[in-house]
Structure formats: structure tokens, C-alpha cells
Amino acid sequence: MGSIDRMAPTRFRASFAEPGLLLEAVKRLKADGYHVIDTYTPFPVHGMDEAMGLKPSRLPRACLAFGLLGLAIALGVQIWTSAYDYPLIVGGKPLVALPAFVPVSFELTVLMAGLGVVATLFVVSGMRPKFKVPDLHPGVNDDRFVVAAEIRAGASYAELQAMLAGLGALDTELLTVDRLEKDSSLLDREATPLAFILSFIPAVLVLMALPLLNRDYLQRNITWDGGMMVPVAYQSFDPHPSLPGGQVLQTPPKGTVPRNGLVPLPYGPGQAEAERAGRELKNPLLPTQDHFSRGKLVYERSCAACHGKDGDNNSSVIVAKGLLAPAVLVAPVVKNMPDGRIFHVATFGGPQKMKGLGDLISREDRWKVVLYIRELQKAAAPKPLPASAPAPGPGVQP
Amino acid sequence: MAPDDHTSALSGAGLIEDQQDRGYGHVLPLIEGDKSYSQVTEEVFSTTERMPPLKWWLALSVSLSLLLLGVWAITQTVTRGIGTWGLNRTVGWAFDITNFVFWVGIGHAGTLISAILFLFRQRWRTSINRAAEAMTIFAVMCAGMFPIIHMGRPWLAFWATPYPNTRGPLWVNFKSPLLWDVFAISTYFIISLTFWYLGMVPDLATMRDRARSKLRKAVFSVFSLGWNGSNRTWSRYETVYMLLAGLSTPLVISVHTIVSMDFATSVIPGWHATIFPPYFVAGAVFSGFAMVLTLMIIARKVMDLEEYITLRHLEAMTKVIIATGMIVGMAYGTEFFMAWYSGNSFERYVFINRALGPFKWAYWSMVSCNVIIPQLFWIRRVRTTPWMIFILSIFVNIGMWFERFVIIVTSLHRDYLPSSWAMYSPTFIEVAIFLGSFGLFFTCFLIFTRLLPVIAASEVKGVLKHGEH
């Protein structure tokens with residue numbers, strides 16, 4: 001715009017009452033060789049762009065670019081999350097189900113195109129919060145139509161005034177430079193703080209993205225609200241402030257039936273109960289090969305350590321250590337016991353040190369063990385008792 | 001902003017307006033009272049600068065009471081759980097989703113007026129678009145509330161957004177219509193807000209220029225973005241406004257299409273229908289225009305805006321109501337035809353049950369309010385008498401609420417197995433939340449009418465002298 005002498009203003013403005021008059025004045029000024037800086041109106045005056053010689057805005061290209069960016073982000077995020085980072089087949093659709101991705105892609109395209117073009121408008125037009133707007137004419141946003149132009153070199157201001165008055169100008173005034181806003185540019189002084197803040201955005205975005213690239217799923221995450229991961233109710237093994245025993249888990253009430261299909265066993269521990277079981281219970285299983293081999297397996301896992309592999313205490317660990325010897329299963333005392341009695345001992349334990357194994361070995365498996373013990377007894381029948389084995393005392397149960 | 005005729009991209013658009021002007025030989029003026037530019041400025045902006053009248057305070061106290069009732073009911077819902085609602089098996093969606101679709105639909109008229117009518121160069125939109133866009137934003141706020149409280153744990157609503165979370169590589173399901181909804185509604189809200197704000201910037205500059213107190217000047221200086229009426233800025237601004245209108249038009253159609261897909265992509269008889277997207281969009285425009293009419297007829301009376309929101313505006317909107325109402329009526333018929341033609345006994349049963357079952361009162365309220373009563377708008381005297389329009393618009397609002405209720409509840413309350421059949425009735429809490437959403441809507445709207453210019457003054461000035469050439 002050339003050098004500007006503050007003492008001798010080279011710019012002026014004229015105001016009109018109607019848009020049509022302003023349009024004619026602009027055309028006339030242009031024809032006379034004046035440089036029209038801008039016009040200021042309460043609403044857009046049509047034909048003014050042509051009169052001022054403005055080219056059509058290139059903002060639609062920005063809109064397209066932002067829209068395509070939104071589309072790319074939407075498709076990228078959907079394909080990456082659905083097919084690569086978290087591949088999960090939903091509703092029998094392929095992992096990359098493009099038709100299902102259309103709605104979100106469309107929405108993000110529109111969102112980015114709209115917000116992007118508005119942001120671009122704000123940047124290119126220098127639209128941002130401003131506390132000092134040059135008061136070119138108080139009626140610009142009300143009812144006045146104002147033109148600002150430079151005085152042509154060598155022209156007389158008085159003649160210009162007369163010419164504009166002839167075109168319907170209500171008033172004409174010389175302008176100092178600061179009355180007229182400078183051509184908007186991205187980084188003028190007023191925008192510096194804003195630009196400074198905005199310049200941090202890329203760095204912040206990169207920092208936010210970094211943890212995404214190198215995540216350690218073995219690491220326990222930090223959550224500000226566990227939500228559904230933390231149940232509201234007491235956990236089974238938690239302490240409890242007021243329940244008996246100070247814990248949540250309680251002994252089920254008498255007569256409680258487990259839900260996993262078991263029927264209650266109507267016997268308790270003790271000698272009398274053992275004899276009753278011997279009288280009443282019969283082995284419900286037939287001595288088939290399957291039951292026999294299962295019984296062997298369970299016997300060798302759970303019983304052989306104390307009673308010996310063959311039920312004769314020969315390979316008993318506790319006998320070898322010199323501890324209390326268990327009952328010899330192949331001895332006639334045991335041989336003469338009814339099945340129900342052996343079953344009762346396996347379930348509730350013996351009169352000496354043996355603990356009941358009823359809660360470790362299933363009922364069916366205990367009956368199979370009984371079958372297997374009978375087989376051991378048959379196999380051991382011809383052998384004499386080992387001399388080292390203590391004879392079971394009278395009434396002593398295995 | 002005045003759309004310019006010479007760059008008309010749609011050559012037929014001018015024709016529509018001409019027919020409207022000349023068709024019946026009774027051209028009603030756009031703006032009455034032969035106003036000057038400064039008169040428009042004074043009349044539009046002075047309402048924001050003086051103390052609101054008593055009737056405004058009365059209206060505010062009523063709507064605040066409703067809002068408070070809603071806040072109480074939502075507190076009950078959040079603290080005690082959605083067991084406080086009347087939902088059951090199989091009616092898992094009822095009042096909440098009905099209200100959600102109802103409010104989203106209402107929002108659509110605002111976008112239609114601001115964007116689609118702008119593209120069609122319907123100049124009559126200028127004096128109602130600001131208020132209609134505000135209505136859109138507040139209606140979408142009301143709508144968004146319902147799915148969020150329906151989640152049961154609304155503080156976890158952000159789980160619906162795809163963000164790198166602390167639960168391993170766990171992402172939202174992009175193939176679900178419910179997630180599409182999240183994107184559609186939030187995009188719609190953001191773009192509507194942007195469009196509304198951008199259209200208001202020139203008027204905010206006027207408010208800044210008129211401001212007397214320092215605080216008011218500072219606030220409007222921030223929001224008017226240094227607007228000085230420069231033609232270079234106007235030129236770019238108009239380009240962007242046009243682009244936003246062009247973007248909003250498919251957006252508004254996509255939003256209700258996606259809302260309808262929440263239903264249409266399921267396999268529930270009564271929901272599983274390809275007619276849903278166009279049917280819902282037409283219904284949304286129908287209900288939205290009814291709500292615009294309801295609001296505008298009150299606003300023009302209460303705020304003395306009869307010269308800005310003229311009979312011509314009201315009449316044009318009633319015509320949109322007839323057109324969309326008949327589309328909706330045809331959709332009701334088509335649904336029945338398709339149910340019969342499908343040969344699917346469940347589908348047939350659902351529709352017979354709708355018309356003759358336990359919710360027949362809701363169905364026939366819907367048909368009479370949406371299809372039969374709006375036919376009165378064929379009579380010109382009805383179209384140009386504000387109180388009659390007002391009553392009819394209330395009927396349409398009720399009818400369209402029932403439409404959503406009928407679609408949702410009658411389809412759900414009869415499952416495939418008769419042993420799973422259920423009935424639904426709302427609890428007091430649900431009704432209170434619904435009333436509360438009206439409280440929220442009217443509170444926001446009332447505050448808006450006194451805080452910001454209800455009429456887009458810069459656009460109205462552009463069409464003031466329209467009749468002269």
C-alpha cells in the first residue's frame with residue numbers, strides 16, 4: 001500500500017444509506033482509478049464482489065480437503081480397530097465390513113468438513129476474539145453502508161467529497177491508519193498469544209499418541225473408575241464385619257443340598273454310623289473292567305501312599321518312616337467288612353488317624369475304590385501276613 | 001443472510017418461490033410494517049437489553065419447575081437404578097427411547113429451515129431460522145439425555161466413544177447402529193451449534209456495538225470475533241454458510257435414518273422394515289415443523305414479533321405439515337400392506353395387534369392426530385388463523401409422540417412366545433423425566449429469547465426491500 005504519512009491521511013471513508021448507492025459509488029471510484037480497500041455493510045451486498053474485483057473464495061477446497069481428511073480418519077480408525085487391534089467377528093460380518101462403516105464415515109466426513117471450513121474461515125479472515133475493533137463508522141452493523149478507499153495521487157479531497165455527495169453519500173471522512181483495520185494476516189501481534197497456545201497442539205497430540213503405539217497389556221492399568229469391574233457385593237472370601245466368624249463365607253445350614261446334582265449322604269462320622277452304613281449300603285456299581293481300572297487309579301493316587309500299593313502296607317510311606325501303621329486292607333478283618341463300612345471309612349475317616357476323604361474323592365470314585373480293594377484282597381488271599389505287620393487290635397477299624 | 005438469485009445453483013428453486021408468490025393471488029408480505037434498517041436493529045436487539053416482562057418470568061418459573069421435577073426424577077433413576085422405570089421383559093425400550101426419537105425429530109425442522117430452505121432460496125426462512133436453529137440445539141440436548149440415563153450408569157457414557165482405554169485392546173463395535181447413533185447425534189449437535197453460532201456472528205457484532213456496560217461489551221467482543229462488516233469477510237462468510245448448509249442437508253437426513261436403523265436393523269416384527277429411514281425422516285420434519293409453529297405462535301405473540309413472523313411464514317409451514325403428514329400417513333398404510341404381503345404371520349400379527357390390540361388407543365390417537373386432523377390445513381382460513389394453527393400443531397406434536405410410542409411399545413410387548421407377552425405402563429419417574437425434558441427445553445429457549453437476538457437481523461435487513469424489485 002506504499003508508505004503512509006500519519007500527518008497527511010491518504011485514506012477516506014464515505015457512508016451511504018442504501019446498498020444500491022454504495023454499489024454505484026464503488027463502481028464509480030474504481031472507474032476513476034481509486035483503490036477501494038473494502039466496504040463495510042450490515043448485510044452482504046450482492047454484486048459487490050464483482051464491483052470490488054474479488055475473486056471467488058477458495059474455501060470450498062478447504063472444505064473438501066477437511067472432508068476427505070475426516071473420511072480417511074474414520075475409515076482408518078474403523079478398519080484398524082475392527083480388523084487389526086481388536087479383531088472380533090460380530091453378527092457374522094467380515095472384519096472389514098465396509099457397508100457397516102458407511103454411517104460413521106459419513107458423519108465424520110461432515111463433521112470435519114464443517115468444523116474445518118469454519119476454522120479456515122476464522123483464520124483467513126482474522127476472525128478471533130478482539131477487544132478493539134476500529135470504529136470506522138458507528139452504523140456499520142446497523143444501517144450504514146460504508147466504503148473505505150485510498151485517495152488517488154494528485155486528486156483533491158474536496159472534489160472527491162463533492163463527487164461522493166452527488167452519489168448520495170451521507171458523510172465523508174479522512175481516515176488515520178489505525179482507524180482502518182490492517183489486512184488480516186495469520187500472525188499479527190494481537191494473535192501472538194493465541195498462536196503460541198495453538199502451536200502446542202501437535203506436540204500434545206504426539207505425546208497422547210505415543211502410549212498407543214507401545215502398550216503393555218500385562219501391566220495393570222490405572223482407572224479412575226473401575227465401574228463394572230468392581231462388584232458391589234461382598235466377595236466369598238472377604239472378611240465381614242458382622243457375620244459369625246468374621247467372614248462372608250458361612251457353613252451352609254443343615255440339610256442344604258448342593259446344586260451340582262449330588263444327593264445327600266444320610267450318614268455321619270463315628271463307629272455307630274459306620275456299622276449302620278455297613279448294614280444299609282450296598283455297592284451300587286458292578287465290578288466291570290472300567291470301574292476296576294478307575295478304582296485302581298484313584299486308589300494309587302489317594303490311598304496307596306499310606307496303605308501300600310497292594311493294600312498290605314509293604315510300600316507304605318508312613319510305615320517306612322516308622323509312624324503309626326494303618327490298617328492292612330488285605331487282612332481278614334477288612335476282608336470281612338461289608339462294602340458299606342469300607343465306603344464309610346473312606347468317606348468319614350477311621351478310628352485312628354485316617355481322615356475322611358469324602359470331600360476329595362467323589363462318591364462314585366469311592367465305590368470304585370471299594371471294588372478295587374476287593375480285587376486286591378482276592379489277589380492277596382494265598383499270601384501269609386507279613387511278620388512285621390502289627391495285628392489289628394480288637395475292634396480296631398481301618 | 002440473503003441468498004443471491006443470480007448465482008442460483010438450482011434453477012428450479014426460484015420457480016418454487018414464484019409459485020408461492022403468485023399461485024393463489026394473495027401474496028402476504030415477508031416482513032410487515034414497512035421498516036427501515038435501523039428500526040429492525042432497534043426492535044430486534046432492544047429485547048435483549050431490557051428487563052424481561054412479567055409474563056416471561058412466569059413462563060420461566062413454570063419451565064424451571066418442570067426442569068426441577070426432571071432433575072429429581074433423574075436423581076432417583078441414577079441413584080436407585082432404572083428399576084424405577086416401568087421397563088420389563090420384553091418391553092426393554094419404552095418411554096425413554098420414545099422421548100429420544102421424539103426430541104431428535106423435533107430438532108430436524110430447525111436444520112430443515114436453516115439449511116434446506118436456504119439452499120432452495122426460500123426467503124421466508126430468514127425471520128424464523130435463528131429461533132428454529134436454537135430449537136434444534138435444545139431439542140437435541142433433550143434427546144441426548146435419554147439414551148445416556150438409559151445406560152443406568154451415565155457417568156460411564158464416555159465408554160460409547162472410541163478412545164484408547166485401560167481395558168486392553170477393547171474398542172467400540174463400529175458395526176452397531178447404536179454406535180452409529182452416537183456419532184450421528186453428536187455430529188448433528190456440533191454442526192448445528194456451529195451453524196447457529198456462525199449465523200449469529202454479525203448480529204453479535206451489532207450487540208457489541210450497542211453494548212453500554214463494560215462486561216457486556218467484553219463478552220460480545222469475544223463472541224463477535226472482531227466482526228466489522230467487511231465485504232471481503234462477508235464474501236468468504238457467505239461461501240462458508242452455503243457450504244455448511246450443503247453439509248447440514250445430508251446430515252439431517254442421515255441422522256434420522258440412523259435413528260430409524262436402531263430399529264430397522266433388528267429382527268423384531270414391526271421394526272424390521274426397509275421403509276423406516278424415509279418414514280422416520282418425513283415424520284421428523286412433520287413433528288419438527290409442528291413444534292416450530294407451536295413455539296413461533298407463542299413467541300410472536302409474547303414478544304410482539306408479529307411483523308417479523310408473519311402469516312406468510314405460518315402459512316408456508318402449514319403447507320410443509322400437510323405434505324409431510326401425508327407422507328407419514330402413506331407410510332402407515334404401506335407398513336400394513338407390507339405386513340400382509342410378506343406372508344409372515346408374526347409380522348401380520350404385530351400390525352393387527354397395533355390397530356386392534358391393547359394399545360389400540362395409542363394407535364388410533366396417532367392416526368387421528370397425524371393423518372386426519374392436519375387435513376384441516378387444506379382450508380385457507382385455518383392456514384392463516386394463528387390460534388387454529390396453534391391447536392393443530394399441538395395435535396401433531398401429540399400424534400408424533402404417539403407414533404414413536406406405538407412403534408416401540410407395541411412391537412415389543414408381544415414376543416414370539418405368548419408366555420413372554422407383557423404390558424407396559426410408565427412409572428411416575430418416567431413421566432417426570434419426560435416433563436423435565438420439556439422443562440429443560442423451554443428453560444433454554446426462554447433464556448435464549450432474552451439473551452440473544454431471536455430474529456436474524458442481518459438476514460432480515462437483506463430481505464426488507466425484497467418487494468421493491
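Predicted model: local features only at pLDDT ≥ 70, side-chain atom pairs only at ≥ 80, totals over all residues.
In strand E3 of chain A, Phe145(A) is the bridge partner of Phe16(A). Strand E1 of chain A, residues 11–16, pairs with E3(A) in the antiparallel sense, over six bridges. E3(A) also has strand E2 of chain A, residues 35–40, as a partner: five bridges join the two, and they too run antiparallel. Here you can look for Val36(A), which stands opposite Ala149(A) of E3(A).

How much of E3(A) is covered? The strand spans residues 145–150, and six of its six residues are buried. In a regular strand, side chains alternate between the two faces of the sheet. In E3(A) both faces are covered, with Phe145(A), Val147(A) and Ala149(A) buried on one side, and Val146(A), Ala148(A) and Glu150(A) buried on the other.

Stepping back to chain A as a whole, you will find 14 helices and four strands. Of its 398 residues, 28% count as buried. Among the contacts in chain A with a separation of 6 or more, 70% are between residues 24 or more positions apart. The average pLDDT of chain A is 82, and 84% of the residues score at least 70. Some care is needed with residues 1–7 of chain A, where the pLDDT is below 50 and the model shows four contacts beyond near neighbours in sequence. Residues 389–398 of chain A also have a pLDDT below 50, and this stretch has 17 contacts beyond near neighbours in sequence.

Now let us cross to the partner chain. In the model, 60 residues of chain B are in contact with 66 residues of chain A. On the chain B side, helices H2 (37–46), H6 (177–210), H7 (214–223), H8 (231–264) and H16 (457–464) each supply at least two residues. Which of them gives the most? It is H8(B), with 16 residues. By type, the residues on this side of chain B divide into 30 nonpolar, 21 polar and nine charged.

Leaving aside neighbours within four places in sequence, Ser248(B) is in contact with Thr111(B), Ala115(B), Ile191(B) and Phe195(B). The C-alpha atoms of Ser248(B) and Ser192(B) are separated by 7.7 Å, although the two residues are 56 residues apart along the chain.

The largest nonpolar core holds 153 residues, and those touching the most other members are Val117(A), Val104(B), Met135(B), Phe289(B) and Val292(B). H8(B) provides the largest share of this core, 18 residues. In soluble globular proteins, nonpolar side chains tend to be buried together. Not counting residues up to four places away in sequence, Val104(B) touches Val140(B), Ala143(B), Ile185(B), Val255(B), His256(B), Val259(B) and Ala284(B).

Our last stop is helix H5 of chain B, residues 129–150. Of its 22 residues, 17 are buried, so H5(B) is largely enclosed by the rest of the structure. At 1.5 Å a residue, H5(B) should span 32 Å, and its end C-alpha atoms are 32 Å apart, which agrees. Just after this helix, Gly152(B) takes a positive phi of about 90 degrees.

Notes. Residues numbered from 1 in each chain as written. Chains lettered and ligands numbered in written order. Contact = placed C-beta atoms within 7 Å. Nonpolar A, V, L, I, M, F, W, Y, C, P; charged D, E, K, R; others polar. Core = buried A, V, L, I, M, F, W, Y, C linked by C-beta atoms within 7 Å. Buried ≥ 20, exposed ≤ 12 C-beta atoms within 10 Å, placed from the backbone. Expected span 1.5 Å × (residues − 1). pLDDT = per-residue confidence, 0-100. Pairing = 2+ DSSP bridges.
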